[in-house]
Structure formats: structure tokens, C-alpha cells
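Colleague: Please take a close look at one part of this model for me. I would like the paired strands, and what surrounds them, in one connected account.

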Amino acid sequence: MDMDEVLAYCLAKPGAWQDEPWEGDTVAKVGDKIFAFLGGGDAIGLKCGRNREEADELVRVYPDDVAQSHYIGRYGWNSVRIDGKVPADELRELIDISYDAIVAKLPKSKRPA
């Protein structure tokens with residue numbers, strides 16, 4: 001998958017929309033919350049676990065392609081290289097997990113139908 005395909009996959013989620021809260025940093029949101037940091041590089045930031053311990057499982061499997069996200073990593077966010085060894089189907093699954101985790105935390109009135 002390339003970044004355009006990743007963005008398209010993110011935006012195909014119910015209620016998802018693209019934002020640029022910081023110049024040059026594209027994100028995918030649902031409601032008013034970010035579920036994917038797309039930035040401008042070759043990696044995507046995703047919520048990969050409820051906590052750091054769960055997110056570290058992915059880091060152990062793909063140590064060269066997955067790393068703890070800066071600043072928010074302690075909350076289970078990882079940075080995942082798009083052109084690395086993480087297969088496309090697993091990357092889509094990680095996007096699904098991040099999306100579902102963020103939707104679950106939204107108030108019911110802000111969740112997509």
C-alpha cells in the first residue's frame with residue numbers, strides 16, 4: 001500500500017474525514033478525534049493497543065517497521081512504516097483497530113451511524 005491507498009482506506013470508514021490540524025500533517029478523524037496520523041512521511045500513526053504493553057506486541061514482531069509514537073506512545077500509539085514488512089492486509093487491520101478504538105470512546109451522539 002502507498003500513502004494514497006492508506007488515506008483512501010481511512011476515509012472510506014463511516015464518518016471519517018480528512019483534516020490538517022498542523023500545516024503539512026494530514027490526519028483522519030472520526031467525530032472530532034484522530035484515528036490515523038498520516039503526516040507527510042512514509043509512516044502512519046495508529047492506536048495499536050489499549051496501553052503501551054499491548055502496542056509493544058507489534059513492535060516486537062516488526063522491530064524495524066513499527067515504533068512507539070512520539071508524545072502519545074504511552075497511550076498505545078505506534079508509528080507504522082507503510083513500505084516496510086508489515087503486510088497490506090495487516091496494515092488495514094491496524095487501521096480498523098485504531099478506528100474502532102476511537103469510535104468506542106466517542107459519545108454516542110458523535111458516533112457514526
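Modeller: Start with strands β2 (residues 25–30) and β3 (residues 33–39), which run antiparallel and are joined by 5 bridges. Helices (H or I, at least four residues) and strands (E, at least two) are DSSP runs, numbered from the N terminus. Two strands pair if DSSP finds at least two bridges between them. This is a predicted model, where local features need pLDDT of at least 70 and side-chain atom pairs count only at pLDDT 80 or more, while totals for chains, interfaces and linings use all residues. Residues are numbered from 1 along each chain as its sequence is written, and side-chain values use heavy atoms, leaving out hydrogens and water.

Within this pair, Ala28 stands opposite Ala36 of β3. The two strands form a hairpin with 2 residues between them. Gly31 sits in that turn and has a positive phi of about 65°.

Now Lys29, which is found in strand β2. Its relative accessibility is 13%, so Lys29 counts as buried. Buried means under 20% relative accessible area, exposed over 50%, and partly exposed in between (1.4 Å probe, protein chains only). The Lys29 side chain makes a polar contact with the side chain of Asp19, at 2.9 Å. A polar contact is a pair of N or O atoms within 3.5 Å; within protein, one must be able to donate a hydrogen and the other to accept it, and residues adjacent in sequence count only if both atoms are side-chain atoms. Not counting residues up to four places away in sequence, Lys29 touches Gly15, Ala16, Trp17, Asp19, Ile34 and Phe35. Contact here means heavy atoms within 4.5 Å.

On to the next strand. β3 also pairs with β4 (residues 43–47), in the antiparallel sense, over 2 bridges. There, Phe37 has Gly45 of β4 as its bridge partner.

β2, β3, β4 and β5 each supply at least two residues of the lining.
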